[in-house]
Amino acid sequence: PNNAYTVEAYKTNGGATVDYSIKVYLINNNNKLLIYDKYHDYDADIKWINNDIIYINGITLELSKGETYDWRKDES
């Protein structure tokens, strides 16, 4: 909301035997940091909660704390 952060979302497809995934990158000084990586996702539903907190497909991340989400490390 205050333009302190820029994010880019990408839908990826690894080919015929691999499902889609969504990857979201935080852009900072021309550097890209992967903050969200989820397999079996087809769309990116992104909402800003406030200046530092972003909601991506049901996952809430606090960017000022460096939080990220990677489906391979999901323990739920």
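**View 1. Asn-29 in the loop between S2 and S3 of a predicted model.** With a relative accessibility of 66%, Asn-29 counts as exposed, because exposed residues are those over 50%. Asn-29 is found in the loop that lies between S2 and S3, and its phi is near 55°, which is a positive value in a residue other than glycine. As background for reading this value, most residues other than glycine have a negative phi.

**View 2. His-40 in the loop between S3 and S4.** His-40 is another residue that is not a glycine and yet has a positive phi, here of about 65°. The loop that holds His-40 runs between S3 and strand S4, the latter covering residues 46-48. The relative accessible area of His-40 is 47%, so His-40 is described as partly exposed.

View 3. The side chain of Ser-21 makes a polar contact with the side chain of Thr-12, at 2.4 Å, and Thr-12 has Ser-21 as its bridge partner in S2. Leaving aside residues up to four places away in sequence, Ser-21 touches Tyr-10, Lys-11, Thr-12, Lys-38, Tyr-39, His-40 and Asp-41.

**View 4. The open sheet of four strands.** The strands of this open sheet follow the order S1-S2-S3-S7, and their pairing is mixed. At the edges are strand S1 (6-13) and strand S7 (69-70), each of which pairs on one side only. S1 and S2 are joined by eight bridges in the antiparallel sense, whereas S3 and S7 run parallel and are joined by two bridges. Within S7, the residue that stands opposite Asp-37 is Asp-70. The hairpin of S1 and S2 has six residues between the strands, and in this hairpin Gly-15 takes a positive phi near 130°.

**View 5. The hairpin of S5 and S6.** S5 and strand S6, which covers residues 59-62, run antiparallel and are joined by four bridges. Tyr-55 has Thr-60 as its bridge partner in S6. Two residues lie between the strands of this hairpin, where Asn-57 takes a positive phi near 45°.

View 6. As a general background, nonpolar side chains in soluble globular proteins tend to be buried together.

Terms used: Residues are numbered from 1 along each chain as its sequence is written. This is a predicted model: local features need pLDDT of at least 70, side-chain atom pairs count only at pLDDT 80 or more; totals for chains, interfaces and linings use all residues. Side-chain values use heavy atoms; hydrogens and water are left out. Two strands pair if DSSP finds at least two bridges between them. A polar contact is a pair of N or O atoms within 3.5 Å; within protein, one must be able to donate a hydrogen and the other to accept it, and residues adjacent in sequence count only if both atoms are side-chain atoms. Contact means heavy atoms within 4.5 Å. Buried means under 20% relative accessible area, exposed over 50%, partly exposed in between (1.4 Å probe, protein chains only).
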